[in-house]
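Hi there,

Here is the structure I promised to pass on to you. Have a look at it first, and then read on for what turned up.

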Amino acid sequence: WTTQQRPSWREDPAEAAIICTVFAVTGTTSVAVVRPLLKASTGIDGTMRDGPWSYRIASLLAVSPIYAVMLVTFGTAAGRHTFFAAMAQKILGRFLPFRLDTPALCKKSKP
């Protein structure tokens, strides 16, 4: 049920609401997870606004892959695996060589 064909979010308001909710929950959760991880693993404490620069750079590098993984997780829980796996593949494709990012997208299920 997570890989079945869904209406476009542009045409269905309910689909748009689900997708926006998944993006919101994923963004909030990924930042909430990365902040304590950075402090525990590197000892760097700060904010994107006030710095230091080492925190800003480390945060950006850590949030993106964690966000992609959480996006697939929450998207699958919402029953929209195919859509969010494609989005995660785009995100990870910016960080990984092409051969390594292709397994993020699952094969289509048989009807």
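Before the findings, one definition: rings of Phe, Tyr and Trp (its six-membered ring) count as a pair if their centres lie within 6.5 Å, and planes over 60 degrees apart make the pair edge-to-face. Please keep in mind that this is a predicted model.

With that definition, the whole structure holds two aromatic pairs. In one of them, the ring centres of phenylalanine 23 and phenylalanine 84 are 5.3 Å apart and the planes meet at 70°, so this pair is edge-to-face. It joins distant parts of the chain: phenylalanine 23 belongs to helix α1 (residues 13-42) and phenylalanine 84 to helix α3 (residues 81-93), 61 residues apart. Phenylalanine 84 also pairs edge-to-face with phenylalanine 83, at 5.0 Å centre to centre and 90° between the planes. Together, Phe23, Phe83 and Phe84 make one aromatic cluster.

How much of each ring's residue is covered? Phenylalanine 84 is buried, at 0% relative accessible area. Phenylalanine 23, at 25% relative accessibility, is partly exposed, and phenylalanine 83 is partly exposed too, at 30%.

Another ring to look for is tryptophan 53: arginine 56 lies over its face, 4.4 Å from the ring centre.

Now for the whole chain. The protein chain has four helices and zero strands. Of its 111 residues, 28% are buried. The chain exposes about 7600 Å², with 65% of that supplied by carbon and sulfur atoms. Among contacts with a separation of 6 or more, 52% are between residues 24 or more positions apart.

Enjoy exploring!

Technical notes:
Residues are numbered from 1 along each chain as its sequence is written. This is a predicted model: local features need pLDDT of at least 70, side-chain atom pairs count only at pLDDT 80 or more; totals for chains, interfaces and linings use all residues. Side-chain values use heavy atoms; hydrogens and water are left out. Helices (H or I, at least four residues) and strands (E, at least two) are DSSP runs, numbered from the N terminus. Buried means under 20% relative accessible area, exposed over 50%, partly exposed in between (1.4 Å probe, protein chains only). Contact means heavy atoms within 4.5 Å. Accessible areas come from the Shrake-Rupley method with a 1.4 Å probe; for residues, only the protein chains shown count as cover. Rings of Phe, Tyr and Trp (its six-membered ring) pair if their centres lie within 6.5 Å; planes under 30 degrees apart count as stacked, over 60 as edge-to-face and the rest as tilted. A charge sits over a ring if NZ of Lys or CZ of Arg is within 6 Å of the ring centre and within 35 degrees of the ring normal.
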